[in-house]
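Me: I would like to learn how to read a protein model, one feature at a time. Could you take me through the one shown here?

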Amino acid sequence: MAQLTGVIQSVSPEEIQVLVSDASEEACGACALYDSCMSTGKKDPSGKGNNEKQDKSARIVTVYDFPIGLRPGDNVTLEEAPGLRLKGTLYAFIIPLVVLVCASVFLSRSGASEGVIAGVLIGFLLLYGLALRLMSSRLKKILYYKISSVASDGDRIC
């Protein structure tokens, strides 16, 4: 289970934004899908917008499960939810791949043309993406980070 350390950037009743500045080789820094990842928020820590290439060592992570009394500037350690990586891989890759393979085999055996098969598969991917977008509030409860510890004012994590 990966742990990330960071500094709280903003606090609201529903969520906390944490600037994670040590995305190690185990986490975001080593991920090939970093540029298209939405799990930790595509936000530029410098506040200049998303047009510039971001440094892989700085990401904003939104946390929904947190203790009361945290303030911007507090140093925290984040812990990923149990099974976060497996569940993320399941939703992002395994489910669509299995459905695409099964649908293409079924359609090809039923005599559908290649154009029809391609159209059905592209349509499925579009609908699956829309379904994931509509389920984002539910997925936030499944795929999440939580604050496991808070450093005292004298400690410096980042």
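This is a predicted model: local features need pLDDT of at least 70, side-chain atom pairs count only at pLDDT 80 or more; totals for chains, interfaces and linings use all residues.

Me: How many helices and strands does the protein chain have?

Reply: Helices (H or I, at least four residues) and strands (E, at least two) are DSSP runs, numbered from the N terminus. Here the protein chain has 3 helices and 5 strands, and from the N terminus on their order is β-β-β-β-α-α-α-β.

Me: In what order do the strands form the sheet?

Reply: Two strands pair if DSSP finds at least two bridges between them. In this model 5 strands make an open sheet, ordered β3-β2-β1-β4-β5, with antiparallel pairing. Because β3 and β5 stand at the edges and each has a single partner strand, one side of each is left without a neighbour in the sheet. Further in, β1 and β4 pair in the antiparallel sense over 5 bridges, and Leu4 stands opposite Leu78 in β4.

Me: Which residues have the most contacts inside the largest nonpolar core?

Reply: In soluble globular proteins, nonpolar side chains tend to be buried together. A nonpolar core is a set of buried Ala, Val, Leu, Ile, Met, Phe, Trp, Tyr and Cys residues joined through side-chain atoms within 4.5 Å, where buried means under 20% relative accessible area, with a 1.4 Å probe and protein chains only. The largest one here has 13 residues, and Val18, Leu78 and Ile147 have the most contacts inside it. The elements giving two or more residues to this core are β1, β2, β3, β4 and β5, and β2 gives the most, with 3 residues.

Me: Is Glu80 buried or exposed?

Reply: Glu80, found in strand β4, has a relative accessible area of 7%, so Glu80 is buried. Its side chain is joined to that of Arg85 by a polar contact of 3.4 Å, a polar contact being a pair of N or O atoms within 3.5 Å; within protein, one must be able to donate a hydrogen and the other to accept it, and residues adjacent in sequence count only if both atoms are side-chain atoms. The C-alpha atoms of Glu80 and Lys146 are separated by 6.3 Å, although these residues are 66 apart along the chain.

Key: Residues are numbered from 1 along each chain as its sequence is written. Side-chain values use heavy atoms; hydrogens and water are left out. Buried means under 20% relative accessible area, exposed over 50%, partly exposed in between (1.4 Å probe, protein chains only).
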